[in-house]
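Please open the model in a viewer and keep the selection tool at hand.

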Amino acid sequence: MLNENDLQRYASQLIMPEIEEEGQSILLKSKILIIGAGGLGNPTAIFCSAAGIGNIDICDHDNIELSNLNRQIAFSIHDIGHYKSRVLKNYCLNLNPNLKINSIIDSFDSQFSVDNYDIILDCSDNIETKYTANILAHKYNKTLISASATQFEGQLAIFKSGKYKNLPCYECIFPKDQHQHTNLNCREIGVIGTVTNLISSLQVTETIRELFIEKSFKKDQSFTKNTLAGNLLLYDCVQHEITKIRLKKNLNCNVCK
Ligand SMILES: [Zn+2]
């Protein structure tokens, strides 16, 4: 199954009974979409590449600015002005050249084709993008792992409303009419880089778990028996707390009712 190089590269993962060679092969065959190559997209793409998720598309049309460098850890001062998704792709390929990583220099909108992905990772800082990702994930029965971080807080949730009718979608939890005037991103209200990086770390852990669940990989069920879907993780670094909140489906939701 795995070649000699892969056996060495992923040795720390393979040694665990919850992963072994079969689990690593699943990761290498998986295909994910990362929406956004900013504060969350940077560490998320890096951790996904390091873990050996084999096919990664990174969608972002922004350019790198000096003010990104407190948190967007794949970028250096030499990258300012270049496309984020392209520089991030090259950073990840430098880390793990055997993966297939594409940069999509475009904005993510309702015309985007998500059908080929196993999982969609929302790393955007724009609520309209989050709503669009939710609609497409629901429509194409995809698992959506949605992350966000501002100031001293971060949150992570998994949505599978297309696959399981009893589970909520993003818009059940964040209804559009209540969020029309709260589209504030990191540039406007700030964030510290350690918060985005922590949320990304949680996001990639859940991605690995969800890929195993999706492919029915249950060699040792301790890692895969509980999905986070239907819950929201909130990290508050002021209070030193991570809280898990059970989410309810909105029976009148415009997207998933
Ligand atoms: Zn909904």
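**First stop: T44**

Select T44 and, leaving aside its neighbours within four places in sequence, display the residues in contact with T44: I34, L121, C123, S200, Q203 and V204. Two residues are in contact here if their C-beta atoms, placed from the backbone, lie within 7 Å. The model is a predicted one, in which local features need pLDDT of at least 70 and side-chain atom pairs count only at pLDDT 80 or more, while totals for chains, interfaces and linings use all residues. Residues are numbered from 1 along each chain as its sequence is written.

T44 belongs to helix α4. Helices (H or I, at least four residues) and strands (E, at least two) are DSSP runs, numbered from the N terminus. Is T44 buried or exposed? It counts as buried, because 33 C-beta neighbours lie inside 10 Å. A residue is buried if 20 or more other C-beta atoms lie within 10 Å of its own, exposed if 12 or fewer, and partly exposed in between, with C-beta atoms placed from the backbone.

**The whole chain**

Along its principal axes the C-alpha trace spans about 55 × 45 × 40 Å. Of the 257 residues, 40% count as buried.

**The sheet**

Select the strands next. In what order do the 8 strands of the open sheet stand? The order is β3-β2-β1-β4-β5-β6-β7-β8, and the pairing is mixed. Two strands pair if DSSP finds at least two bridges between them. β3 and β8 (241-246) stand at the edges with a single partner strand each, so one side of each is left without a neighbour in the sheet. Neighbouring strands are turned by 15 degrees against each other on average, direction ignored. For such angles, axes are lines fitted to C-alpha atoms, for helices over the stretch in contact, and angles run from 0 to 180 degrees between N-to-C directions.

Colour β1 (residues 31-35) and β4 (residues 119-122): these strands run parallel and are joined by 4 bridges. Here L33 stands opposite I120 in β4. Helix α4 packs on the sheet, touching β1, β2, β3 and β4, and its direction makes about 170 degrees with that of β2.

Move to β2 and β3, which run parallel and are joined by 5 bridges. D57 stands opposite N102 in β3. β3 has a covered face, I101 and S103, and an uncovered one, K100, N102 and I104.

Then select β5 (residues 143-150) and β6, which run antiparallel with 7 bridges between them. Q155 in β6 is the bridge partner of S148. The hairpin of these strands has 2 residues between them, and Q151 takes a positive phi near 50 degrees. Strand β6 (residues 153-159) is mostly covered, with 5 of its 7 residues buried. On to β7 (residues 231-236): it pairs with β6 in the antiparallel sense over 5 bridges, and G154 stands opposite Y235 in β7.

**Helix α5**

Select residues 84-95, helix α5, where K84, S85, V87, L88, K89 and C92 are buried. These buried residues pack against α4 (41-51), β2 (55-59) and β3 (100-104). The helix lies across β2 and β3, running at about 170 degrees to β3.

**The nonpolar core**

Finally, select the largest nonpolar core, in which I32, I34, I35, A45, I56, I120 and L121 touch the most other members of the 53 residues. A nonpolar core is a set of buried Ala, Val, Leu, Ile, Met, Phe, Trp, Tyr and Cys residues joined through C-beta atoms within 7 Å. Its largest share, 6 residues, comes from helix α9 (residues 193-214). Just after α9, S216 takes a positive phi of about 55 degrees.
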